[in-house]
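Please view the sequence and the model before reading on.

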Amino acid sequence: MHKTSRKPQLIWWVLLAFLPVTVVLPELGLINPYLQQVFMYVGINIILTVGLNLVNGYMGEFSVGHAGFMGVGAYVSAILTVWVLPRQYGPFLFPFVLVAGGLAAALAGLVVAIPSFRTRGDYLAIVTLAFNMIVKSAIENIEAVGGPRGFMGMDKLTNMAWVYAWTLLTLYCVRNFVYSRYGRGVLSIREDEVAAELVTVNTRQCKVLAFVIAAFFAGVAGGLFAHLLQFINPRSFALFPKSTEILVMVYLGGIGSIGGSVLGATIFTVVLELLRPLGVWRWVVVPLTLVLLMIFRPTGIMGLREWRPFIPPGELLRPAPGRQEVKAGAPAAD
Amino acid sequence: MPLLQIEGLTHYFGGLRAVYDFNLELEPGELVGIIGPNGAGKTTIFNLITGVYVPTRGKIVFDGTNLVGLPSHRIASLGVARTFQTIRLFRDLTVLDNVRIAHYSQLRYGVASAIARTRAFLAEEDRVRERSLELLRMLNLERYASLPARALPYGEQRRLEIARALACRPRLLLLDEPAAGMNPGEAARLMEFIQWVRREFSLTILLIEHQMRVVMGLCERIMVLDFGETIAHGPPEEIRRHPRVLEAYLGRGTAL
């Protein structure tokens, strides 16, 4: 009867069908390099945002140093392609390089997660804040990778197709994680951690997993970023602006919603580009928008709702808080 | 062999003695009540059994396993489930998810198969959904399955909390003031419901209650606590007349 459908949703095939388009468009010169760059920024930011949403939105914790994990992934993957691996195989090895960067970030995530989740509340915010600062100043002090001057020499291995493929993969993985026992565990932590433990949820396992997965994808995003710009420096992965931007994208789009993160990252990235003529004034407009958003729509654009593609077939829509409120008298009593 | 064996259980909050030398043996299938005035240490005992607090002293053995020092989720997966004095549902999640979450430890699939949505994963998920809906059906909550838990009427929320506890496949169920906030009529129906749950799921039940009427009509044995100490222990008829109980629980010169 209530079988979970085995049929993959059509929408994912449609999204996948666009992959060749992202290869063909730049090849035929149908899309100018600037638009390509914006497209790739959007993808990278979606990956970062969806990951952080897992921790801050679904789980209700507060991690603030997400760019630190991005930095770890960026440097590890850049070092691999520049120093370690033969350059001529770069394009073929690139996916593995990205995974390696992701794994390095995930390991960093594990190191941060295990001690910080022993305690509760604001502790994680402080630890991730410190982590981000440590990553930045550590890189600044390693002369071998250029210290504060940055690291370069990467080939431009990132293209629209890779960014698009990784964005889809991230969305798919995070969605499936969210709609599994782990995802339900993560949600129950947000709702009531003590009650979750008392109904057999291994809350530490859930927390660590969510955090490590978020860190992994941040690392991948870092690798994509490094091989897009072909130049990275410690300031690219600082608390301000990068980590702050990711936070803004999460809360702009809406917590606890993958669709929200896609929207938040896209809107933020595009608007920031459009406001480029304003120069420094961008940094007045953007925070102001955020303040207004928090006042008038504190749950973000999506407000805990979800888009159909991000709900596996057969799953119920999760109710949004503040909606479907008690309907007096209904349904009929027994 | 007793299902639950508690010996010399003692717990201090700083200088405050919350529970002192509490002893209890529960045989399988029993229904035992714990009563006592506010602050007598009843809920603390539940928190000690379920690993929310680690006792200062004492032994808690459940079906041959020492529970002291185990994390709460382990204790719950061993078969000790509970409800709360003030309802603690996952309010913003659906009724179905509330029950599905409680299957966490019964699911065997790992992260990789969850992310890949493997056959094994889907089969297990189907089973959990089936079983959750079955539980909701048995407890007359099925029609609410897709509503957020907070949207349920109070009595239904209480039942959902019990459904969620039952989803853990417990052998021992700890009920913390299940009749709190109910009028005598509702409380009477609840008593029948508890009896039914015990039979249907072949459970052993330990029950904290404030309303004398509920415990007296329901429990085979009653323990009375006052300021952390057990002041009386016996069948309801005995407890009803016990002078120290009347004094501590009801005040001097009162009869029930």
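The sections below describe a chain contact, a nonpolar core and a pair of helices in a predicted model.

## Contact between chains A and B

Chain A gives 35 residues to the contact, and chain B gives 39 residues. On the side of chain A that touches chain B, the elements giving two or more residues are α7 (160–178), α8 (181–198) and α9 (203–229) of chain A. The largest share of this side, 12 residues, is that of α8(A). By residue class, the side of chain A that touches chain B holds 15 nonpolar, 10 polar and 10 charged residues.

## The largest nonpolar core

A total of 170 residues make up the largest nonpolar core. Those with the most contacts inside this core are A:Tyr75, A:Ala210, A:Ala214, A:Ala215, A:Ala221 and A:Leu224. Helix α9(A) supplies the largest share of the core, 17 residues.

Leaving aside residues up to four places away in sequence, A:Leu224 touches A:Ile44, A:Leu98, A:Thr158, A:Trp162, A:Val163 and A:Trp166.

## Packing of α10(A) and α11(A)

Helix α10 (residues 239–253) and helix α11 (residues 258–274) of chain A pack with their axes 7 Å apart, at an angle of about 125 degrees. Helix α10(A) is therefore oblique to α11(A). Their crossing is right-handed.

Helix α10(A) contributes A:Val248, A:Met249, A:Val250, A:Leu252 and A:Gly253 to this contact, while α11(A) contributes A:Gly260, A:Ser261, A:Leu263, A:Gly264, A:Ala265, A:Ile267 and A:Phe268. The residues of the contact of α10(A) with α11(A) comprise eight nonpolar, four polar and no charged.

Technical notes: Residues numbered from 1 in each chain as written. Chains lettered and ligands numbered in written order. Predicted model: local features only at pLDDT ≥ 70, side-chain atom pairs only at ≥ 80, totals over all residues. Contact = placed C-beta atoms within 7 Å. Helix = DSSP H or I, 4+ residues; strand = E, 2+ residues; numbered from the N terminus. Nonpolar A, V, L, I, M, F, W, Y, C, P; charged D, E, K, R; others polar. Core = buried A, V, L, I, M, F, W, Y, C linked by C-beta atoms within 7 Å. Buried ≥ 20, exposed ≤ 12 C-beta atoms within 10 Å, placed from the backbone. Axes fitted to C-alpha atoms, helices over the stretch in contact; angles between N-to-C directions. Parallel < 35°, antiparallel > 145°, perpendicular 65-115°, else oblique. Left-handed = near helix turned anticlockwise from the far one by under 90°.
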